[in-house]
Amino acid sequence: MNFVFPPPATASVAVAGEPARFPVRRIFCVGRNYAAHAREMGKDPEREAPFFFTKPADAIVGDGETVAYPPLTSNFHFEGELVVAIGKAGSDIANDDALAHVYGYAVGNDLTRRDLQLEARDKGRPWDWGKAFDRSAVCGPIHRVGEIGHIGKGFIRLAVNGERKQDADVADLIWSVTEIISILSRSVRIEPGDLVFTGTPAGVGALVPGDVCVVEIEGLGSLTTIIGVRKPA
Ligand code: MN
């Protein structure tokens with residue numbers, strides 16, 4: 001096939017213990033999936049079904065990379081999250097079958113322009129400018145299910161410059177990985193290469209240039225991001 005210019009390289013994530021990389025197809029994110037975080041965002045967690053937003057595949061950033069402070073914001077937030085990597089396609093997936101679609105798990109950081117997100121929320125506008133900007137989807141190496149099994153519990157922690165900001169347990173997800181996959185697959189057909197950021201626990205806060213942000217999840221290692229100086233889009 002001919003293209004009028006060279007197509008961009010496929011976005012991808014490292015796979016632990018494997019030289020080949022995981023090609024990223026789409027990035028889905030779950031909103032407000034830990035009760036304490038829903039409360040800190042001013043919402044009642046008990047009454048809300050899970051909802052999703054997306055980021056472009058090429059927003060992906062790997063471990064140890066610098067992310068320039070993004071444009072248009074003065075309240076740039078971290079959100080430490082468990083990421084599920086999908087390895088098998090499916091739609092209308094039953095809970096009992098959901099985990100068979102998981103390729104592996106990774107540590108993630110759903111970087112957020114909180115001021116833009118909240119303004120959009122309050123005006124009933126899309127979240128894209130708050131969530132789906134360049135280099136907003138930080139994801140560490142994917143650990144294959146065949147190597148580590150499934151992640152249903154274990155600490156999830158985030159520190160900025162060594163100071164603990166988030167400290168929770170993956171078992172406290174309102175909607176489990178199983179339920180997220182099942183519910184997502186009723187809206188869209190999931191495909192190999194899809195990533196699902198499963199939501200962040202309480203304690204979200206701001207980053208500034210020079211910060212070093214580290215997310216850790218039990219069994220998945222750590223994910224480091226350095227915040228660089230502000231750059232134009
Ligand atoms: Mn999030």
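Phe53 and Trp127 are both buried, where buried means under 20% relative accessible area, exposed over 50% and partly exposed in between, with a 1.4 Å probe and protein chains only. The model is predicted: local features need pLDDT of at least 70, side-chain atom pairs count only at pLDDT 80 or more, and totals for chains, interfaces and linings use all residues. Residues are numbered from 1 along each chain as its sequence is written, and side-chain values use heavy atoms, with hydrogens and water left out.

**Exercise 1.** Determine how many aromatic pairs the structure holds, and classify the pair of Phe22 and Tyr103.

*Solution.* 
Step 1. Rings of Phe, Tyr and Trp (its six-membered ring) pair if their centres lie within 6.5 Å; planes under 30 degrees apart count as stacked, over 60 as edge-to-face and the rest as tilted.
Step 2. There are 5 aromatic pairs in the structure. In one of them, Phe22 and Tyr103 lie 5.5 Å centre to centre with 40° between the planes, and the pair is tilted.
Step 3. Phe22 belongs to strand β2 (residues 18–23) and Tyr103 to strand β9 (residues 102–110), so the pair ties together parts that are 81 residues apart in sequence. Strands (E, at least two residues) and helices (H or I, at least four) are DSSP runs, numbered from the N terminus.
Step 4. Phe22 counts as buried at 6% relative accessibility, whereas Tyr103, with a relative accessible area of 29%, is partly exposed.

**Exercise 2.** Why is the pair of Phe53 and Trp127 tilted?

*Solution.* 
Step 1. The ring centres of Phe53 and Trp127 are 5.3 Å apart and the planes stand at 50°, so the pair is tilted.
Step 2. Phe53 lies in strand β4 (residues 52–55) and Trp127 in the loop between α3 (114–123) and α4 (128–131), so the pair ties together parts that are 74 residues apart in sequence.
Step 3. Ring pairs link Phe51, Phe53 and Trp127 into a cluster.

**Exercise 3.** Which residues coordinate the manganese ion?

*Solution.* 
Step 1. Donors are N, O and S atoms within 2.8 Å of the metal (3.2 Å for Na, K and Ca); water is not among the atoms, so sites may look incomplete.
Step 2. Glu79 (OE), Glu81 (OE) and Asp110 (OD) coordinate the manganese ion at 2.0 to 2.1 Å.
Step 3. Along the chain, the donors follow the spacing E-x1-E-x28-D. Glu79 and Glu81 are both buried.
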